[in-house]
Amino acid sequence: MPPIISIRGVTKSYASGFQALKLVNLDIDKGEIFALLGPNGAGKTTLINIICGIVTASAGTVTADGCDIVDDYRAARSMIGLVPQELSTDAFETVWATVSFSRGLFGRAPNPTFIEGLLRDLSLLDKRNSRIMTLSGGMKRRVMIAKALSHEPQILFLDEPTAGVDVELRRDMWNLVRGLREKGVTIILTTHYIEEAEEMADRIGVINKGTLMLVENKHDLMKKLGKRQLTLHLQTPLQHIPDELRFWALELKAEGHDLVYTVDSADSVDISALLKRLNELSIVIKDLQTHQSSLEDIFVNLVTERT
Ligand SMILES: Nc1ncnc2c1ncn2[C@@H]1O[C@H](COP(=O)(O)OP(=O)(O)OP(=O)(O)O)[C@@H](O)[C@H]1O
Ligand SMILES: [Mg+2]
């Protein structure tokens with residue numbers, strides 16, 4: 001199946017001369033949830049805004065379901081929904097009017113039943129006749145989502161959808177995203193909450209200083225870069241690691257009080273052999289701790305290593 005979004009050689013230099021994107025190539029598959037991770041200023045919003053036709057690329061091409069986003073702007077834009085990072089809505093309009101109008105902008109025939117269902121899914125139905133300015137921040141964000149979905153797009157961009165929203169809205173949002181995915185909608189999101197990407201995404205892209213550093217299936221990424229660690233707190237500190245233990249990847253930490261055993265996530269290990277050996281050497285373990293590296297550890301390593 002051809003990719004639903006194809007990004008080729010995209011660069012962006014803003015008028016200030018600042019280069020926000022450097023030769024980005026990326027394909028997004030139909031129906032996947034793709035998470036774009038990167039620190040502040042990495043270029044995430046710039047890339048999304050280029051695909052959505054809000055920012056013009058300095059070089060390169062982007063197609064959405066085969067339509068060039070510049071030459072075939074209308075067709076490309078009609079299949080895309082965007083929930084922007086910055087909230088911007090018409091304060092004086094009602095929820096209903098704003099969402100219905102948004103659908104009309106994309107040339108879609110009015111469909112009150114659809115809009116009603118959308119507002120219900122986003123717990124906004126009781127606010128349908130309220131002016132936007134009377135809503136709370138979280139409700140305004142829900143309105144932005146309703147607007148982005150008003151024309152039933154095949155591709156949805158969520159730029160930091162859960163920044164500053166409460167736990168309940170975040171949960172609702174993820175349920176909504178899962179529901180959309182089940183309907184075949186492709187979802188591209190940016191987030192600073194790595195656990196969110198870890199839970200939701202099929203694939204992860206890491207961007208830093210305008211360069212897409214890595215694109216990988218989430219499970220492969222965890223397997224490849226993830227590590228597991230077993231820390232054994234010793235009864236009596238060791239001066240050095242005994243020769244008999246040289247077959248294990250061990251390190252002494254905390255002035256000899258901790259024996260740390262690190263393994264790659266992909267390896268299968270036999271801890272019992274190590275414990276047995278320690279027992280034979282009369283090394284007494286007071287307590288133990290295990291740690292599995294999260295996507296966050298992997299991400300921080302990647303972004304700091306290569307800067
Ligand atoms: N209109 C603009 N003019 C000049 N520079 C800009 C403009 N918009 C963004 N930039 C710069 O481009 C870089 C990338 O910005 P962008 O908004 O894409 O980052 P981001 O990854 O979305 O960051 P954040 O996580 O903070 O949202 C930043 O250094 C930013 O200052
Ligand atoms: Mg941004």
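Modeller: Two strands pair if DSSP finds at least two bridges between them; the strands themselves (E, at least two residues) and helices (H or I, at least four) are DSSP runs numbered from the N terminus. This is a predicted model, in which local features need pLDDT of at least 70, side-chain atom pairs count only at pLDDT 80 or more, and totals for chains, interfaces and linings use all residues. Residues are numbered from 1 along each chain as its sequence is written, while chains are lettered from A and ligands numbered from 1 in the order in which they are written.

Colleague: Which residue of E8 stands opposite alanine 35?

Modeller: Alanine 35 faces leucine 189 there. Strand E3 (residues 33-37) is joined to E8 (residues 186-190) by four bridges, and the two run parallel. E3 also pairs with E9 (residues 203-208), in the parallel sense and over four bridges, where isoleucine 204 is the bridge partner of alanine 35.

Colleague: Are the faces of E3 covered or open?

Modeller: In a regular strand the side chains alternate between the two faces of the sheet. A residue is buried if 20 or more other C-beta atoms, placed from the backbone, lie within 10 Å of its own, exposed if 12 or fewer, and partly exposed in between. Both faces of E3 are covered, with Ile33, Ala35 and Leu37 buried on one side and Phe34 and Leu36 buried on the other. Because five of its five residues are buried, E3 is largely enclosed by the rest of the structure.

Colleague: Is leucine 274 buried, partly exposed or exposed?

Modeller: Leucine 274 belongs to helix H9 (residues 271-280). It has 18 other C-beta atoms within 10 Å, so it is partly exposed. Leaving aside residues up to four places away in sequence, leucine 274 touches Trp248 and Tyr261 (contact: C-beta atoms, placed from the backbone, within 7 Å). Leucine 245, 29 residues away in sequence, lies 7.9 Å from leucine 274, C-alpha to C-alpha.

Colleague: Which residues come nearest to ligand 1?

Modeller: A residue is near a molecule if its C-beta atom, placed from the backbone, lies within 6 Å of it. Of the 13 residues around ligand 1, the nearest are Tyr14, Ala20, Lys44, Thr45 and Thr46. Helix H1 (residues 44-51) supplies the largest share of this shell, three residues.

Definitions and conventions: Two residues are in contact if their C-beta atoms, placed from the backbone, lie within 7 Å.
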